[in-house]
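Reader: I would like to learn how to read a model like this one. Can we take it feature by feature?

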Amino acid sequence: MDSRRVVSNIFKGSMGNLVEWYDWYVYTAFALYFAPVFFPKGDPTSQLLNTAGVFAVGFLMRPVGSFLLGRYADRHGRRAALTLSVTLMATGSLVIACTPGFATIGLAAPVLLVTARLLQGLSVGGEYGTSATYMSEVATDSRRGFFSSFQYVTLASGQLVALAVQIGLQQTLSKEDLATWGWRIPFVIGAVAAVIVFWLRRSMDESAEFEAQPVNRRFKQGSLRELAKHPRAVLTVVGLTLGGTVAFYTFTTYLQKFMVNTTGLEKSQVTWINFLALLIFVALQPLGGMLSDKIGRRPLLIFFGLGATLLTVPILTALEDATPVTAFLLMLAGLVVVSGYTSINAIVKAELFPTAIRALGVGMPYGVTVAIFGGTAEYVALWLKDAGHESSFYYYVSGCALISLIVYLTMSETRGRMKAQHSSARPVERPRTPTAQ
């Protein structure tokens, strides 16, 4: 595949990833506004606990999505699975945009909200493993780290776009309008964008590595039985994800609420802090990917593990009484550390598994780990705050990072594995190469 087609496929896959994660993050970006609409009783922290609980419920569907769409991708192709995932996300966003509040339909309002998040969780669960697999397979051997880093470029960009929409609405609508109906606008935008991406993804090239798999054996691919043949790789994915997902959701999604509830900054100030810090974070991802292509993946993972273990408690403690400028610098420091994980975690996981089981192997253990630890990070933080022990959460994040650091120190380097696997498989692939092209 020539370089232009590689870039075109990465772009189409990335745009879909961006829209999916935009839809996912719009929920957290606007939770401060729509929490009273769906959960009108209680103090602000209790309302946020309810919305965080729904956020966590969405994560429970991610392992299911990882299994169903990962299995589908390994048997029917990466392109087909990615097209299906964006369709599910569009449906969830449209449901949230159109659902009346608690005052109008009572308990049906939070029930529909949960249903929509379940659909979105199913979508995101399948999106991660499949898009990581697709980007790693269509990338050139010497630049897999660089091209795969665009998964988190678009993931974080989705949050950036959500924050940009939030800033725009804050500037054009009154607080009353934003709280009553304005928060629905970003969900409509997400649904429409997902429909556009649906057509983009239909024109992507299928991965040549998937096409090279014998057709008569694909019905065996993407099964739990096949996945069970790679226990070490599965456990490695769990271990390297645990600390990374907790730190990522702490320094991105939760920090917005932390700065409002604990630091005491204005919502508009916090939005700008998040936007500027995430903008720099996005720029760091391809740099990390390129660096990993030169020095390997493990050094960056170890950098993250050490930084998150030693610096999380000091950063969050200092953030409690920070000014807006200091808050920005502290958040940025956390995101620089997290970049050691986010910029390369997708390619590391993809390099652990063979083609026949790669989408399920990347997505399933990742989805389970994120559901248990990443999806509950915000809820654990708010629960500890409500109980008067907020600082305990800082040590929880640090401890999770320490566990992952141990994994990074004991795992082997993965750079170059996919090239070796591809080379060893060439006798099987050669007769099918003209068709794949």
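**Reading the model**

Author: Start with the surface. Val188 sits in helix H11 (residues 185–202). Val188 has a relative accessible area of 41%, so it is partly exposed. Val188, Val192 and Ile196 form a nonpolar surface patch, with about 260 Å² of accessible area together.

Reader: What is the mean pLDDT of the protein chain?

Author: This is a predicted model. The mean pLDDT is 85, and 90% of the residues reach 70 or more.

Reader: Where does pLDDT stay under 50?

Author: Where pLDDT is low, the predicted coordinates should not be read in detail. Here that stretch is residues 423–437.

Reader: Which residues are linked in a network of salt bridges?

Author: Side chains of opposite charge can pair when their charged atoms come close. In this model, Asp74, Arg78, Glu137 and Arg358 are linked in such a network. Asp74 and Arg78 meet at 2.7 Å, N to O. Arg78 also meets Glu137, at 2.8 Å. Arg78 lies in helix H5 (residues 78–98) and Glu137 in helix H7 (residues 108–138), so this pair ties together parts 59 residues apart in sequence.

Reader: Is Arg78 buried or exposed?

Author: Arg78 is buried, because its relative accessibility is 0%. Glu137 is buried too, at 6%.

Reader: What should helix H15 span?

Author: Count 1.5 Å a residue. The 29 residues of H15 (residues 267–295) should therefore span 42 Å. The end C-alpha atoms are 41 Å apart, which agrees. Just after H15, Gly296 takes a positive phi of about 105°.

Notes
Residues are numbered from 1 along each chain as its sequence is written. This is a predicted model: local features need pLDDT of at least 70, side-chain atom pairs count only at pLDDT 80 or more; totals for chains, interfaces and linings use all residues. Side-chain values use heavy atoms; hydrogens and water are left out. pLDDT is the predictor's confidence in each residue, from 0 to 100. Contact means heavy atoms within 4.5 Å. Helices (H or I, at least four residues) and strands (E, at least two) are DSSP runs, numbered from the N terminus. The expected span of a helix is 1.5 Å times one less than its number of residues. Patches are made of residues with over 30% relative accessible area and no salt bridge: like charges are joined within 9 Å, nonpolar side chains (Val, Leu, Ile, Met, Phe, Trp, Tyr) within 5 Å. Accessible areas come from the Shrake-Rupley method with a 1.4 Å probe; for residues, only the protein chains shown count as cover. A salt bridge is a side-chain nitrogen of Lys or Arg within 4 Å of a carboxyl oxygen of Asp or Glu. Buried means under 20% relative accessible area, exposed over 50%, partly exposed in between (1.4 Å probe, protein chains only).
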